[in-house]
Amino acid sequence: MSRLLEHDYIGLAEKPSMEISEKSSHLNLNLKETELRLGLPGSESPERKPTNLISLFGKDLRNTNALKNLVAGSKRGFSDDAVVDFEGKINNTHKASQSAKPKQDKKPEISETNDHVSPPSSKEQVVGWPPIRSFRRNTMACSLIKNKDDDEEEERKPSEASGFLYVKVSMDGAPYLRKVDLRMYTNYMQLSSALEQMFTCFTIGECNSGGFPGKDGLSESSLRDLLHVSVHVVTYEDKDGDWMLVGDVPWEMFTESCRRLRIMKGSEAIGLAPRAMEKKGWSHNNNCRRIK
Amino acid sequence: MPRIAYAFPDEVLEHVFSFIHSDQDRNAISLVCKSWYEIERWCRRSIFVGNCYAVSPVMVVKRFPKLRSISLKGKPHFADFNLVPEDWGGYACPWIEAMASAYPWLEEIRLKRMVLTDESLELISKSFKNFQVLVLSSCEGFSTDGLAAIAANCRNLRELDLRESEVEDLSGHWLSQFPDSFTSLVSLNISCLGSEVSTCALERLLAGCPNLQSLRLNRAVPLEKLVNLLGRSPNLVELGTGAYTSEMQPDVFSDLSRAFVGCKQLKSLSGFWDAMPYYLPAVYPISSRLTSLNLSYATTESPYLVKLVSECRNLQRLWVMDYIEDSGLEALAVSCKDLRELRVFPSDPFGLEPNVALTERGLVSVSEGCPELQSVLYFCRQMSNAALVTIARNRPNMTRFRLCIIEPRKPDYLTLQPLDAGFGAIVEHCKNLRRLSLSGLLTDRVFEYIGSYGKKLEMLSVAFAGDSDLGLHYVLSGCDNLRKLEVRDCPFGDKALLANAAKLETMRSLWMSSCNVSFGACKLLGQKMPRLNVEVIIDERGPPDSMPESCLVEKLYIYRTVAGPRMDMPGFVWRYTGP
């Protein structure tokens, strides 16, 4: 099943799901190659299930507990509708585990997620819709987390649940930065999922350069773009200004020290990753592995 | 006859002008003749720049040498919803620097959607000896270190308001930087801050500032502490609580209630994060005094909200979550006859199914029961033309109407027709409508109505609507007072845009994203209209020059300016430059 689905331009298909999967089925083969994978070059996730494609620190997270709601296949290169609003992400990651099963066939399989949240609502989100300010969205998201935690007997003080920790995220080759609020996530899995969704469009390339509401499928040039294998590694700049590989330290420590994120191309990371693996042995107590 | 202008010495004219405060009137005065222009510019004390790129700091400083107060707005409104990428612009720094050298007596700075650094904050704190008011609305780029500089150096600070800004929270200790001798604070809004501020510092501050009228705390301030703080600020008119939740303790409850009563001027309440039903009744003793209630962060269930709201008979403004439901709004319509503004926010905006019993009926009830209702922001999941027509007929005095039907392109749920007729009724009956936001299934028809009737309309927001260029054309050619138009995901394109190019110079700005405008049209517009900045936010396909002219633009922001192309355009913003 293709995870890269062609949506109508607002991401809410009014056509029956079958039509859509048919349309994109011929793209299946090509698209497989071009999935965004963040991980060690050469590492392979065994089944290309619609699970988390991001490999942090070299570990391939084929974890079926990963959140999944990969939205892709935009009309224009970077289309709002293709990229889920990252600041609304907490609702996505949250809701992403709230409904028991996807409501429409065309939706990618939504696997279970971590313990914190219940099954997802499977609606794909359009960036900036409904029009709710970030401040309000984040506040509400914090409320949801808090309530959840209360249920689980884990008391969170208001000060812990609140607050924003915005860090800029850049990706090599992408035209502009995005921002994420690290406090929206509680583990690396959620973060990687969010990043993946945020930046998918940049590696997929443009799917439709003309016409409205998108009569054609992929154009020739974009097909060419698609035939790359993109492997990326996520790094972060810590308080001391050093660039580290994401995923080495416990999550809380990471959020404390992370100042910005950078998604590097695999080719640049090739030289780095083996060292990380190598250091794994001795770095039991030493959580700070420098990459540069 | 021309001699009359010289009959009055400048001082007299200046004195007369000093009674004129409205910007529009002042602008009109300055156009009468050269001498009036000169006199006026020397005595203008306050300006508002709705788009910081419409004019340059140098020009402002040159024309108005004696400003005491400046308001600036930066990013387009849709930046609130993440449609504008990071580092797009809206930098306050050049403005602060220009003002630091030109206006040593500047007293007030108000910024909205701008990027401000700690360095700028420090510059503010050191450059203006009588600095009094700092309002940062939806701003970003600074940290609590910058706030510490303000606290430490602004001896006469009256107002520090950080509403909804993104502040990098390095520590809560900045508040301690207010010196012991500091007494001038009147208004403090730190509701957007994440981490705890030092309660000691807060208490000390409050104790030293007897004139404090407005205090909005952040979520991290626990309910128990609120009691102490209220005790130290008996003159409060506006209070924003912190988290409104705690262990259920009767003494905390009664202390809280007593504290509310003790603030005899208290008229406005907000905050209420995670509001517990147990503590809401603490407000009852003062409920009849309240004119403004912001419960939009109170995730409390309907019955408790309704009870509280029904007690507040003099309410003029209510912001609430949709937990209030239709039944709650019906109760509101019965109890609060002075209601002027209602905002209902969605508790579950991304869910597929409705989670609360809030429909169009709630809004209809309020429109029927509240004769003073003028301003509405309403999120719901269903609407009908019939309801909209009823609302329009009930409330011809409506001035701001923003309806968000959560699912894009949803038709009238009764007839399955577009909502053209309903919104048409709104613009037809509400002759003083200044602001309108549309949603639901809409064809070009609704724009025809808007163009015909929306003569006072100043701001229009459109999403997922219309069939063709005609829609855009109706609006641009019909709405005489249109200042701001923002459009997303509509099939509006080149024809309408180019045909109404001249109109764009009469407006502050136009935002179009995911529409049908081509690069070619942008180039043409940029070429023909030198006093417009036609900015294209480019994506990874590369700059428009390299694209075929027919290629569609993803995001477009057009605004009038006398300052030419802006100097701080990031790499992903393109503007026509050459032939």
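Arg409(B) is partly exposed in this predicted model, with a relative accessible area of 22%. Its phi is near 65°, a positive value in a residue other than glycine. Arg409(B) is found in the loop of chain B that runs between strand E16 (400–405) and helix H16 (420–429). The predictor assigns the complex an ipTM of 0.90 and a pTM of 0.76.

**Backbone geometry**

- Asp274(B) has a phi near 55°, which is again a positive value in a residue other than glycine.
- The position of Asp274(B) is in the loop between strand E11 (268–270) and strand E12 (292–295) of chain B.
- With a relative accessible area of 10%, Asp274(B) is buried, whereas Arg409(B), at 22%, is partly exposed; the cut-off applied here is that buried means under 20%.
- In chain A, the peptide bond joining Trp129(A) and Pro130(A) is cis, with omega at about -5°.
- Pro130(A) is placed in the loop that links helix H3 (89–95) to helix H4 (134–151) of chain A.

**Helix packing in chain B: H15 and H16**

- Helix H15 (residues 385–394) of chain B and H16(B) have axes that come within 7 Å and cross at roughly 5°.
- H15(B) and H16(B) are therefore roughly parallel to each other, since angles under 35 degrees count as roughly parallel.
- On the H15(B) side, the contact is made by Asn385(B), Leu388(B), Val389(B), Ile391(B), Ala392(B) and Arg393(B).
- On the H16(B) side, the contributing residues are Asp420(B), Ala421(B), Gly422(B), Phe423(B), Ala425(B), Ile426(B) and His429(B).

**Helix packing in chain B: H7**

- Helix H7 of chain B comprises residues 118–127, and its buried residues are Ser120(B), Leu121(B), Ile124(B), Ser125(B) and Ser127(B).
- These buried residues of H7(B) pack against both helices and strands of chain B.
- The helical partners are H6 (93–102) and H8 (144–153).
- The strand partners are E3 (108–112), E4 (133–137) and E5 (140–143).

**Annotated region of chain B**

- An unreviewed UniProt entry carries the annotation "domain: F-box", which covers residues 8–49 of chain B.
- In the model, the end C-alpha atoms of residues 8–49 of chain B lie 31 Å apart.
- The span is 62% helix and 10% strand.

**Confidence by chain**

- Chain B has a mean pLDDT of 94, and 98% of its residues reach 70 or more.
- Chain A averages a pLDDT of 52, with 28% of the residues scoring at least 70.
- Residues 151–163 of chain A have a pLDDT below 50; beyond near neighbours in sequence, this stretch has 25 contacts in the model.
- Residues 204–229 of chain A also have a pLDDT below 50, and this stretch has 54 contacts in the model beyond near neighbours in sequence.

**Overall make-up of chain A**

- Chain A contains 10 helices and six strands.
- Chain A has 292 residues, of which 63% count as buried.
- Among contacts in chain A between residues at least 6 apart in sequence, 63% join residues at least 24 apart.

Definitions and conventions:
Residues numbered from 1 in each chain as written. Chains lettered and ligands numbered in written order. Predicted model: local features only at pLDDT ≥ 70, side-chain atom pairs only at ≥ 80, totals over all residues. Heavy atoms only, no water. Buried < 20%, exposed > 50% of the residue type's maximum accessible area, 1.4 Å probe, protein only. Helix = DSSP H or I, 4+ residues; strand = E, 2+ residues; numbered from the N terminus. Contact = heavy atoms within 4.5 Å. UniProt positions renumbered as here; feature names shortened; annotations may be inferred. pLDDT = per-residue confidence, 0-100. Axes fitted to C-alpha atoms, helices over the stretch in contact; angles between N-to-C directions. Parallel < 35°, antiparallel > 145°, perpendicular 65-115°, else oblique.
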